[in-house]
Amino acid sequence: MANNGIEKLAVDTVKALAMDAVQKANSGHPGMPMGMAEIAVTLWGRFLKVDPTVPDWPDRDRFVLSNGHGSMLLYSMLHLCGFPLTMDDLKSFRQWGSHTAGRPEIDQKLGIEMTTGPLGQGFATGVGMAIAETHLRARLGEDLVNHRTFGFVSDGDLMEGVSAEAGSLAGRFALGRLIYLYDDNDISIDGSTDITFGEDVAKRFQAQGWHTQDIDGHDLDAIDQAIEAAINLEDRPSLVICHTHIAHGAPNAQDTAASHGSPLGDEEIALAKEAMGYPLEPAFHVEPEIYEFFETATGWGKEERTKWDKRLESAGEDKRELWNQLHSPAPVELKGPGFAVGEKMATRSASGKLFAEIAEKRPGFLGGSADLVASTKTVIDSSRRYSAADPSARDIPFGVREHSMGCITNGLAVHGGLKPYAATFFVFSDYMRPAVRLSALMSAPSVWVWTHDSVFLGEDGPTHQPIEHLPSLRAMPNLWMVRPADANETLAAWEIALDRNDGPVALLLTRQDVPTLETDPAGVKKGGYVLRVGGDVTLIATGSELHVAVDAANVLDDEGISARVVSLPCWELFFEQDEQYRSGVLGSAPRVAVEAASPFGWERLVGLDGLILGIDHFGESAPDTVIAEKLGFTGPAIAARVRDHLSK
Ligand SMILES: Cc1ncc(C[n+]2csc(CCOP(=O)(O)OP(=O)(O)O)c2C)c(N)n1
Ligand SMILES: [Mg+2]
């Protein structure tokens, strides 16, 4: 490689910036940026297709930093390459209000694609980005979609189980444009990885269908050749195992676990800079020729972007229209098949009946289930499944892999151009939770479809019956939980999910049939509304408990108690309404909440003196009607408890 001289200086600059920024912040992770500096300089300097002046150009190569603790490496590369991240940003690393948080997660306007704090998430999310690329390339053609997904991963990422799930699927789908560079430094926080991580990583990935290479991660030429080879091989994903030294170049800190997450100290920094012949003062020093080097190095990306702009402009009308529908989708109005009042239908079935229409009206809609499609009723086109041979198919078979399904869905969502969903039983949301949390934190427009949403799934018993899931996920900021009561509320719930572009929406759907009521889709969009008027008591219900609350209200009516029934499918949207609307809906009569889940949190709506009819224990195996009888979720049983409450 002709550029070794200047590249060596670039490597030293990256190491020096990491040492200085972590020292100034007095916290952070210098070890990884120093250990992966050669790899980063080679990737960004020679291979990554990006235009720093348009960081979110849709056809850019994606770069995922799964070992996000090494964020100073990414910040340095972005700054040196000319992304809108200034030297002042580097100097305010980890500080309040800065663009350079300890772990940035996502900021695509700055070039931060997706960087994970929770190890393993980036690995699996990158698989979703790579799937997105194959899918969109198959539909839009190589002239508009033609990029790769690169990622840095660490020992911790590969120890996390989710990387095994996602690696398996990446191999199965033969994602040939997915290239991960593994920082194999034999160190994690507790010391040598010998203690905990002894498997043959190359064999593990080969067994999953990956191409692997083993290289010296500090040898610029070896890195260059390995990335080149990985790029040229398009029939399998690639793992480049880079043997590295953590805190490379720091004479005493190198190869120590301590260098993972502590500042090196002024003395050690001076020794390291001295050893590499780098100016000791001032801190944050960058030679002007380094900026020039990276400007030249990323110049081809700029040219590619300009050419791409022209290709989009001159693309045929059909293709342009599809591009626009994918990237700037209009709100979707669903007609549905016409769900008649009185008709009984599980809300998962009502949802299933909308899929063809959703897919037609929202071309970016795609997704799948974790081996439960027949139960979740989430099928777009039963004749085709996404695979290496058919990447434009929109039904993605995730296999029994809830956690990576969540991450991959986030990857599809943050890639751009797509509106992904992932489906399974609500109780298994536990297995997806880290990904759901990141969807909320990253404002990713993922749709979580969770069916079998209560004890009324019946005979499968307590392991399958969600209890605490509703309140615990309601506690998650920025996640909308929508639990429709019938087929028409389900239609409105889907419209909500499809129209939200700045965050995730979860749909909680029943296994069991529920009657179609006189529900109000417009009210669903406000989170809650009055279904039945009444002045003596307000019954507030969600999902499959709404019709039971109506039954209870009818019983109470016969006894001279006038009960209002409020449908409250989405707390988050309801709390967004103004006070006048909310108090108008809830009224001033005593309030009763009816929901077949942990009662936790309903005090917010019914007050401390209100009555909460929930379930504060695990479920039972029995037919749903028996469970309803035994747990008191029938009209007469609820009416009796309300009467009791009012008479106190
Ligand atoms: C899910 C999760 N668990 C634990 C942590 C805390 N943590 C951060 S880095 C790390 C391991 C460090 O080892 P490695 O991944 O090899 O990174 P290196 O020290 O080599 O940079 C751990 C346990 C985390 N970020 N995410
Ligand atoms: Mg390590």
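Colleague: Which residue forms a salt bridge with Asp-56, and how far apart are the closest N and O atoms?

Modeller: A salt bridge is a side-chain nitrogen of Lys or Arg within 4 Å of a carboxyl oxygen of Asp or Glu. Asp-56 pairs in this way with Lys-109, and their closest N and O atoms are 2.7 Å apart. Asp-56 lies in the loop between helix 3 and strand 1 (62-65), and Lys-109 in the loop between helix 5 (87-91) and strand 2 (114-115), so the pair ties together parts that are 53 residues apart in sequence. Helices (H or I, at least four residues) and strands (E, at least two) are DSSP runs, numbered from the N terminus.

Colleague: What kind of model is this, and how are residues numbered?

Modeller: This is a predicted model, in which local features need pLDDT of at least 70 and side-chain atom pairs count only at pLDDT 80 or more, while totals for chains, interfaces and linings use all residues. Residues are numbered from 1 along each chain as its sequence is written, chains are lettered from A and ligands numbered from 1 in the order in which they are written, and side-chain values use heavy atoms, with hydrogens and water left out.

Colleague: Are Asp-56 and Lys-109 buried or exposed?

Modeller: Buried means under 20% relative accessible area, exposed over 50%, and partly exposed in between (1.4 Å probe, protein chains only). Asp-56 is partly exposed at 29%, and Lys-109 is exposed at 58%.

Colleague: How many salt bridges are there in the whole structure?

Modeller: A search finds 29. One of them joins Glu-38 to Lys-15, with the closest N and O atoms 3.4 Å apart. Glu-38 belongs to helix 3 (residues 37-47) and Lys-15 to helix 1 (residues 4-25), so this pair ties together parts that are 23 residues apart in sequence. Both residues are buried.

Colleague: Where does Glu-595 lie, and where Arg-474?

Modeller: The side chains of Glu-595 and Arg-474 meet in a salt bridge of 2.7 Å, N to O. Glu-595 lies in the loop between strand 19 (591-594) and helix 26 (603-606), and Arg-474 in helix 20 (residues 469-474), so the pair ties together parts that are 121 residues apart in sequence. Glu-595 is buried at 2% relative accessible area, and Arg-474 counts as buried at 12%.

Colleague: Which residues are linked in a network of salt bridges?

Modeller: The network links Glu-133, Arg-137, Glu-142, Arg-148, Arg-177 and Glu-234.

Colleague: Which residues of helix 12 are buried?

Modeller: In helix 12 (residues 266-275) they are Glu-268, Ile-269, Ala-272 and Lys-273. Down the helix axis, these buried residues fall within an arc of 135 degrees, so they line one face of helix 12. The arc is taken from the directions from the helix axis to the C-beta atoms. The face turned away from the buried side carries the exposed residues Asp-266, Glu-267, Glu-274 and Ala-275.

Colleague: Which residues are closest to ligand 1?

Modeller: A residue is near a molecule if one of its heavy atoms lies within 4 Å of it. For ligand 1 there are 15 surrounding residues, the closest being His-69, Ser-154, Gly-156, Asn-185 and His-260. A polar contact is a pair of N or O atoms within 3.5 Å. A polar side-chain atom of His-69 lies 2.8 Å from an oxygen atom of ligand 1, and a polar backbone atom of Gly-156 is 2.8 Å from a ligand oxygen atom.

Notes:
A polar contact is a pair of N or O atoms within 3.5 Å; within protein, one must be able to donate a hydrogen and the other to accept it, and residues adjacent in sequence count only if both atoms are side-chain atoms.
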